[in-house]
Amino acid sequence: AKLTSMAANQLSRLVSPQQSQQPQQQQQRSYSSIPSRPQGMPRNLLDTTGHAFESIARGLETANYKVVIIPYREYRRAGAGSAARSVVKGIPVAVLAPIGAASEALSYTLLGARNQVRPDIRKEEEASRKGLMRDF
């Protein structure tokens with residue numbers, strides 16, 4: 001559990017150093033959300049690495065939080081039975097959060113690969129996005 005948490009925190013710090021300076025309350029509040037996609041379109045595979053690592057780190061943090069941290073708090077608060085119940089409740093999230101994070105990372109990485117291979121499609125999508133943003 002400590003290893004998973006440490007790996008997720010290190011990945012998160014490597015990707016976005018400004019996020020590691022946020023107060024602990026804000027970090028705890030955002031455990032279950034996958035990071036939003038960057039505003040700009042990725043031009044190539046290198047542009048996608050930060051978001052991909054951040055997505056995977058967030059999925060690992062969520063799994064760690066649901067299977068380790070919450071049961072530990074429950075154990076301290078109400079004993080072993082309560083901790084066991086919270087582990088069982090956290091298993092679906094612990095399985096699905098990393099899968100969802102990996103899916104988001106793969107999706108964004110493939111978008112960068114497509115944009116690297118076909119820059120004409122990226123330029124068309126950027127132009128249509130700019131046109132839509134001006135209309136609002």
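Arg58 and Glu61 pair through their side chains in a salt bridge, 3.9 Å from N to O (a side-chain nitrogen of Lys or Arg within 4 Å of a carboxyl oxygen of Asp or Glu). This is a predicted model, in which local features need pLDDT of at least 70 and side-chain atom pairs count only at pLDDT 80 or more, while totals for chains, interfaces and linings use all residues. Residues are numbered from 1 along each chain as its sequence is written, and side-chain values use heavy atoms, with hydrogens and water left out.

Arg58 is buried at a relative accessible area of 8%, and Glu61 is buried at 13% (buried means under 20%, exposed over 50%, partly exposed in between, with a 1.4 Å probe and protein chains only). Both residues lie in helix 3, 3 residues apart, about one turn of the helix. Glu74 and Arg77 have that spacing in helix 3 too, 3 residues apart, and Arg77 is exposed at 61%. For the pair Asp120 and Arg118, both residues are partly exposed, Asp120 at 37% and Arg118 at 40%.

The structure holds 5 salt bridges, including these:

| Pair | N to O distance |
|---|---|
| Arg58, Glu61 | 3.9 Å |
| Glu74, Arg77 | 2.7 Å |
| Asp120, Arg118 | 3.1 Å |

Helix 3 covers residues 49-78 (helices are DSSP runs of H or I, at least four residues, numbered from the N terminus). Helix 3 bends by about 40° at Tyr65, the angle being taken between axes fitted to the seven residues ending there and the seven starting there. Just after helix 3, Gly79 has a positive phi of about 105°.

Key
Helices (H or I, at least four residues) and strands (E, at least two) are DSSP runs, numbered from the N terminus. The expected span of a helix is 1.5 Å times one less than its number of residues.
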